[in-house]
Amino acid sequence: MSRFFAAGRRTFTRRPILSSSLALAAPALGVYSYLASPDRADVDIDAQALYFNSALRMEGAQVEGTLDRPSTMWTPPSREEMLQKLGCPAHGRDPARKVSHSGTDDAVAEQESQSRRGQNAGQQDSGSTKSTNEPPSAQPGQTSGSAAGKGDADKQEDEFDLLIVGGGATGAGVALDAASRGLRVAMVERDDFSSGTSSKSTKLVHGGVRYLQKAVFELDYEQYKLVREALHERKTFLHTAPYLSHSLPIMLPVYTYWQIPYFFAGTKLYDFLAGNANLESSYVLGKGKALEAFPMLKSDGLKGAVVYYDGQHNDSRMNVALAMTAVQYGAVAANHCEVIELLKDADGKCKGARMRDVLTGREWETKSKGVINATGPFSDGLRKLDDQAVQEIVSPASGVHITLPNYYAPAKIGLIDPATSDGRVIFFLPWQGNTIAGTTDSPAQVEQHPIPKEEEIEFILNEVRGYLSSDVRVRRGDVLSAWSGLRPLVKDPNAKDTQSLVRNHLIDVSPSGLLTIAGGKWTTYRAMAEETVDRAVKEYDLKPERGCITKDVQLVGSQAWNKLMFIKLIQQFGLEVDVARHLAEEYGDRAWGVCSMAKPTGLRFPVHGNRIDPVYPYIDAALELSPFLGLLASRLHFLDSPDLTHSIPPRHPPPEVTWACRREYAATAVDVIARRTRLSFLNSEAALEALPTVIDIMSKELGWDRERQDKEFRDATKFLTSMGLSWKRLEGLTLQDVRDGRHRKVLAVDDDYLARTVFSPDELKTLRKRFAKIDADHDGQIAADDLRKTMKKMGFDQVDEQTVQNVLREVDADNDGQVSFEEYLDVAAGVKEIHLHNAFTDVAFSDKATSESDEEPSGPSYSSKTPPERTGGGW
């Protein structure tokens, strides 16, 4: 029995993990109730029987070589084990160090390795039932098993068939394809899986309507082939990871009658090229139906709309699922591991690489029959490591996206602007409860974390303004996050601009045998991987056990998932609806394992998870949190923490962060906030405020000391500058500053107000001057004395105290007897936007009140004719 199925008997503490099946049988419920009782501290149970009752297993793989799904609590080999399989020297052990729950401690790695060796030697529990479709065992120096090839015993233990450099969509796809064919595969990534372009996409699984348009009007056969391949791969994509991807209707608003048949013909051709892989048929909407589907749309001049279907996915979660599935099939995968030198034999052929563990600095050599370069926009860097004189084949382009609040777009339909002011295409899409808009397409330099340019952000905002109703004020302050992804476009020597570059891929083999796969896009990752492995088999004379089967390989978490799974989570664990939906859509059937780590609330409902607000899905202990930490709680589902500003109890840490450390190779704080969860993409300010909590949890899981915690914070804040935060806000900020809330004091005040108000910077400047002149004692508040002096200046000498208090009370939102600048802005916004006024506005926005006695009134007037004595009305 492979370790992937948790063979034998193990001891569980407090609450066991339920069966991975969604259709839990009555005996399993009885066992769970018994084991979850308060007086049960430690219970010895048959883990295999609990996880995989024979009635709950899949009937068997339909395609030869595909594997049965693992337990929902399947724990892959730790990162340390993976490094040792690559040949990395063992990390020095500290006898005083506690054993980590994450499995990253060397002692744990050694114990698990011995356990697996015993299993492979036939030392299995005699009562265990061996699956005929088990994932391969993964022992040090050997990743073979039922899927890794029968001839492994005859192979050199220290040599892999393929060493794949790059852990993005392409690299992980190649690793899965090769491992599922029975090859011995190693994959390394310098940063984290999906840390580059693969996590910074438009989140679409699409053929490309823009490419189809170019194919037709430019008679470009290459563009046509790209679209047709992508449309067919789109359907496979949605099948292999159904919980991470879904179809999405996208609207083309039409403001000229002749465009309706033009766009409709184009979308019908799009449907036709997809053939039987089409998602849904495109259709036409009249003006009324278009506004009903997309109420935020500008109605002036709208003639109708055309709607077509494409796919959408969670890109970094998809990438992690690819890597985890490759591991299930026997691949060795390690993140934060970089190639510093290519190894060559006497004939000058690449036979492996010298590597370095980025986190510890250890170096070693890994041998392989062939090396595949799948580093995306960094492809030329590795090619030059092979040959300094090589000609570059990649032309990187920057694609900037921004995240906006969810009220900018409906939750179930997107929008595309096919012809922006400069000819580029802008998508406007719902995603993860927010709205994303992008992308731009401009030449860029290759860098690890590109920072989005302000002019690119403004370009997107200006294009969005052109399509939305005037009632939706598109503000720079509404940008919750902004990021730039480098696209590895295949260079065309005849092209003058990056928009003309084909997104198709290119396979290049150097004289030394380095195989480079470059270009392509997320949608076609599987086809690219298949073609790459086919070429590698030929180039390196490999002997796979079977051909490509990835069309039939569903990613980890997919097999038992269905669209109603969240209901079973609600019924079994007592979760609230939005929390259950989130878990099901992020983890698939493995959400069962995540839920098992949650502590009961002690309430009748929800049984698991404590909301901090009755409306929003912010889950935590009964503790008042900021909105930003609330957003973190909704994404990470913090279920038991008495004080988020200090440490997290080790017994019940938030399940998603803990899960990421133990079962998804999260090794840094950025891994969690950016790629295991998507918090930095949804709200970069929220991610900043979440860092102390995330670092505390990971410190307990991974054994970080104070120095490492500070380093993680510095690295994370540097990363957040690439997600839209200004470095001037973060420079000099410490982890303790964020714990204590002092980081809010160093934020630019103007930006903070502009994020919420409706004023331009010039208007805000004017309002500040007006406020300062009314605030006679310059204490930052307009009190009764300040107001009385202003009214006297206006000529109201006989105003009694009660009248002054009444004027002030009308706008004193927090009833503290004075008006702050924030409250003042709220009043000014009402005056500007909908012409509301009361006695306070007559005083506060009077030119006479805010001008010097010897100056003529200037600028816009906010005043009205209401006498200040008539203060009984309000707004």
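Begin by selecting helix 14 (residues 565–573) together with helix 15 (residues 577–587): their axes come within 8 Å and cross at roughly 125°. Helix 14 is therefore oblique to helix 15, and the crossing of the two is right-handed. To display the contact, show Phe566, Leu569 and Ile570 on helix 14, with Val577, Ala580, Arg581, Leu583 and Ala584 on helix 15. Seven residues of this contact are nonpolar, none is polar and one is charged. The model on screen is a predicted one.

Next, select helix 6 (residues 209–217) and helix 8 (residues 259–274), whose axes come within 11 Å and cross at roughly 100°. The two helices are therefore roughly perpendicular to each other. Helix 6 contributes Val209, Leu212, Gln213, Val216 and Phe217 to the contact, and helix 8 contributes Tyr262, Gly266, Leu269, Tyr270 and Leu273. By class, the contact of helix 6 with helix 8 comprises eight nonpolar and two polar residues, with no charged ones.

Then move to lysine 203, in the loop between strand 4 (185–188) and strand 5 (204–205). Is lysine 203 buried or exposed? Its relative accessibility is 0%, so lysine 203 counts as buried. Beyond its neighbours within four places in sequence, lysine 203 is in contact with Gly311, Gln312, His313, Asp315, Trp431, Ile436, Trp483, Arg678 and Phe681.

Finally, select residues 762–797 and 799–834, where UniProt, in an unreviewed entry, places the feature "domain: EF-hand". For residues 762–797, the end C-alpha atoms lie 33 Å apart, and the span is 64% helix and 6% strand.

Definitions and conventions: Residues are numbered from 1 along each chain as its sequence is written. This is a predicted model: local features need pLDDT of at least 70, side-chain atom pairs count only at pLDDT 80 or more; totals for chains, interfaces and linings use all residues. Side-chain values use heavy atoms; hydrogens and water are left out. Axes are lines fitted to C-alpha atoms, for helices over the stretch in contact, and angles run from 0 to 180 degrees between N-to-C directions. Helices (H or I, at least four residues) and strands (E, at least two) are DSSP runs, numbered from the N terminus. Angles under 35 degrees count as roughly parallel, over 145 as roughly antiparallel, 65 to 115 as roughly perpendicular and the rest as oblique. Contact means heavy atoms within 4.5 Å. Ala, Val, Leu, Ile, Met, Phe, Trp, Tyr, Cys and Pro count as nonpolar, Asp, Glu, Lys and Arg as charged, and the others, Gly among them, as polar. Buried means under 20% relative accessible area, exposed over 50%, partly exposed in between (1.4 Å probe, protein chains only). UniProt positions are given in the numbering used here, feature names are shortened, and annotations may be inferred rather than shown by experiment. A crossing is left-handed if the near helix is turned anticlockwise from the far one by less than a right angle, and right-handed if clockwise.
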